[in-house]
Amino acid sequence: MEKDIIIKEFTVLPEDAEYIRKSVFVDEQGFCEEFDDIDNISTHLVLYSDNQPAAVCRFYCENNQYFIGRLATLKEYRGNGFGAMLVAEAERLIKEAGGKSVLLHSQCRAMPFYEKSGYAPFGESDFDEDCPHQWMKKTLF
């Protein structure tokens, strides 16, 4: 049966996005510093599957550079391509706003996911709350 997929855009962190990020990054992965001031300047995208919140990401612009982050899919919805749908929607909106490229700070274990969407690593890897991360970039055409 085909699922009804809707992506909604928010200028304030919605409860559904907070719930997904807390479930994935805090409860599942053990991060403590999940919510930050960047939430206040971000556009938040929430993907709903059959009216249930399933995945989230945020994007923002700082110094004329766009960033995507906090991409998370609830465990029971993984494997459906929802993360790729959110990245594509964020890129579409960034391009519509005049953005030419996108940066993101990927967990190293998630790099293959982003590479499939055209992102390339650059610079040295580093640690965010003891988890290895890598900066990645994509030029939008």
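Colleague: Where does Phe122 lie?

Modeller: This is a predicted model. Phe122 is in the loop between strand S6 (120–121) and strand S7 (126–128).

Colleague: Why is Phe122 called partly exposed?

Modeller: Its relative accessible area is 36%. Buried means under 20%, and exposed means over 50%. The value for Phe122 falls in between, so the residue is partly exposed.

Colleague: Which residues is Phe122 in contact with, leaving aside neighbours within four places in sequence?

Modeller: Leu103, Gln134, Trp135, Met136 and Lys137. Each has heavy atoms within 4.5 Å of Phe122.

Colleague: Why is Ser42 called buried?

Modeller: Ser42 has a relative accessible area of 2%. The cut-off for buried is under 20%, so Ser42 counts as buried. Ser42 is found in the loop between H1 and strand S2 (43–49).

Colleague: What makes the pair of Ser42 and Ile38 a polar contact?

Modeller: A polar atom of the Ser42 side chain lies 2.7 Å from the backbone oxygen of Ile38. The limit is 3.5 Å. The pair is within it, so this is a polar contact.

Colleague: Which residues does Ser42 touch, not counting those up to four places away in sequence?

Modeller: Phe10, Thr11, Arg58, Phe59 and Tyr60.

Colleague: How much space lies in the largest pocket?

Modeller: About 920 Å³. It is lined by 38 residues, and the closest to its centre are Phe25, Arg70, Leu71, Gln107 and Tyr114.

Colleague: Which element gives the most to that lining?

Modeller: S4, with seven residues. By class, the lining has 18 nonpolar, eleven polar and nine charged residues.

Notes:
Residues numbered from 1 in each chain as written. Predicted model: local features only at pLDDT ≥ 70, side-chain atom pairs only at ≥ 80, totals over all residues. Heavy atoms only, no water. 1 Å grid on protein atoms, 1.4 Å probe; cavity = no way out; pocket = protein on both sides within 12 Å on 5 of 7 lines; lining within 4 Å. Points joined across faces, edges and corners; volume = space filled by probe spheres on them. Helix = DSSP H or I, 4+ residues; strand = E, 2+ residues; numbered from the N terminus. Nonpolar A, V, L, I, M, F, W, Y, C, P; charged D, E, K, R; others polar. Buried < 20%, exposed > 50% of the residue type's maximum accessible area, 1.4 Å probe, protein only. Polar contact = N/O pair within 3.5 Å; in protein donor to acceptor, adjacent residues only side chain to side chain.
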